[in-house]
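Here are some comments for you to read beside the coordinates.

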Amino acid sequence: MLSASDNAILTQVGPDKPMGKLMRQFWVPVCLSSELVADAEPLRIMLLGEQLIAFRDTAGKVGVMDHRCPHRCASMYFGRNEQGGVRCVYHGWKFDVEGNCVDMPNVPPEQDFKHRVKARAFKVQERSGMVWAYMGSRETPPAFPNIDALQIPEGERSIFVHQRDCNWLQSAE
């Protein structure tokens, strides 16, 4: 039987926890691709203890980023997903799928500094009807895993999502 401290090390997945740091070094499933519609409202996500949003921009690219706007920390979940990015509800700053600030409507053009502002966004891939994110610290993420289940043709696979009231280790058991 594990001690309480060993159990905490193995099951807590926050960004500053040992298991959280380890799990962020791999591609993590985020949501179903079908849950994200171009220019529709962002999807609220809780992943590895972090509050995030996922959205599909006008061009069909998927973004996964911190739910807080880097300007005033307003939740981007309440923002508008429009014309190539998510616009913050507080001051209207807009961010693309890579977290780059692309518009600052409340700042005069001569004082514009959007090239220096970036929301915390993650690398994303869509595979087999699912959105995956790399949340780790590497500049270049690892190669996407060649999982057999992801090679099944579209008409032959079924993906189900459910919520379980347990931690990742209990689920693995």
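A residue is called buried here when its relative accessible area is under 20%, exposed when it is over 50%, and partly exposed in between. The model is a predicted one, and the points that follow should be read with that in mind.

1. The charged pair I would look at to begin with is Glu50 and Arg24, whose side chains meet in a salt bridge with an N to O distance of 2.8 Å. This pair links distant parts of the chain, since Glu50 belongs to strand β3 (residues 50-56) while Arg24 sits in the loop between α2 (18-23) and β1 (27-32), 26 residues apart. Both partners, Glu50 and Arg24, are buried.

2. Asp66 and Arg68 form another salt bridge, in which the closest N and O atoms are 2.8 Å apart. Through salt bridges that share partners, Arg24, Glu50, Asp66, Arg68 and Arg120 are joined into one network.

3. A further salt bridge pairs Glu82 with Arg87, with 2.5 Å between the closest N and O atoms. Arg87 has a relative accessibility of 11% and therefore counts as buried. The count of salt bridges comes to 10.

4. Turning to the strands, 6 of them form an open sheet in the order β1-β10-β9-β4-β3-β2, and the pairing is antiparallel. Strands β1 and β2 (43-47) stand at the edges with a single partner strand each, so that one side of each is left without a neighbour in the sheet. From one strand to the next, the twist averages 35 degrees.

5. In the hairpin of β9 and β10, which has 2 residues between the strands, Ser128 takes a positive phi near 50 degrees.

6. Which residues of β10 are buried on its two faces? Met130, Trp132 and Tyr134 are buried on one side, and Val131 and Ala133 are buried on the other, so both faces are covered.

7. The structure as a whole holds 0 disulfides, and Cys73 is in none, the nearest cysteine sulfur, that of Cys69, being 7.7 Å away.

8. On the surface, Phe78, Val89 and Tyr90 form a nonpolar patch that has about 350 Å² of accessible area together. Of these residues, Phe78 lies in the loop between β4 (62-66) and β5 (80-82), and at 54% relative accessibility Phe78 counts as exposed.

Terms used
Residues are numbered from 1 along each chain as its sequence is written. This is a predicted model: local features need pLDDT of at least 70, side-chain atom pairs count only at pLDDT 80 or more; totals for chains, interfaces and linings use all residues. Side-chain values use heavy atoms; hydrogens and water are left out. A salt bridge is a side-chain nitrogen of Lys or Arg within 4 Å of a carboxyl oxygen of Asp or Glu. Helices (H or I, at least four residues) and strands (E, at least two) are DSSP runs, numbered from the N terminus. Buried means under 20% relative accessible area, exposed over 50%, partly exposed in between (1.4 Å probe, protein chains only). Two strands pair if DSSP finds at least two bridges between them. Axes are lines fitted to C-alpha atoms, for helices over the stretch in contact, and angles run from 0 to 180 degrees between N-to-C directions. Patches are made of residues with over 30% relative accessible area and no salt bridge: like charges are joined within 9 Å, nonpolar side chains (Val, Leu, Ile, Met, Phe, Trp, Tyr) within 5 Å. Accessible areas come from the Shrake-Rupley method with a 1.4 Å probe; for residues, only the protein chains shown count as cover. A disulfide is a pair of cysteine sulfur atoms within 2.5 Å.
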